[in-house]
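Please consult the sequence and structure shown below while reading.

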Amino acid sequence: MTAQIKTRPKHLNLWQIKLPAPAVASILHRVSGFGMFLLLPLLLWLLEASLASQESFDALKNLLARPVFKLLMLGLAWAFFHHLCMGVRILLIDVHIGVDKETARKSAFAVFLVSLMLTLGVGVALW
């Protein structure tokens, strides 16, 4: 009896693997949380600048009127909304709601849809 040796991949190429929607939602949940954590000093600075004086508020308002900063705020809004929606989904899974395969797939797509719709609403308000 000979043992059959299987060749296994030495690394996983995430661009070639077709991940299911819940896996993509989970990865984006981690990415959005990490992004918000990294941008926390910027958010604290924005809050401080908005409250320091009328002049600093006006300067901040002019800074945030630029398209680059609007896109940054839009990305931050998406990160917040995705993280929030995915957090609610995970809480529901923790209480055994939506744990079967089809419901988990649908709820992952719902997270994508709701977070993008909320981000679109913020984008309309920003522009």
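In the protein chain, 78% of the contacts (heavy atoms within 4.5 Å) between residues at least 6 apart in sequence join residues at least 24 apart. The model is predicted: local features need pLDDT of at least 70 and side-chain atom pairs pLDDT 80 or more, while totals for chains, interfaces and linings use all residues. Residues are numbered from 1 along each chain as its sequence is written, and side-chain values use heavy atoms, without hydrogens and water.

The protein chain contains 5 helices and 0 strands, where helices are DSSP runs (H or I) of at least four residues and strands (E) of at least two, numbered from the N terminus. The radius of gyration over C-alpha atoms is 20 Å, well over the 14 Å that the globule rule (2.2 Å times the number of residues to the power 0.38) gives for 127 residues, so the protein chain is more spread out than a compact globule. Its C-alpha trace spans about 80 × 35 × 25 Å along the principal axes.

Of the 127 residues, 21% count as buried, a class set at under 20% relative accessible area, with exposed over 50% and partly exposed in between (1.4 Å probe, protein chains only).

F109 and F112 form an edge-to-face aromatic pair, with 6.1 Å between centres and 70° between planes; ring centres must lie within 6.5 Å, and planes under 30 degrees apart count as stacked, over 60 as edge-to-face and the rest as tilted. Both residues lie in helix α5 (residues 101-126), 3 residues apart.

| Residue | Relative accessibility | Class |
|---|---|---|
| F109 | 43% | partly exposed |
| F112 | 18% | buried |

Key
Rings of Phe, Tyr and Trp (its six-membered ring) pair if their centres lie within 6.5 Å; planes under 30 degrees apart count as stacked, over 60 as edge-to-face and the rest as tilted.
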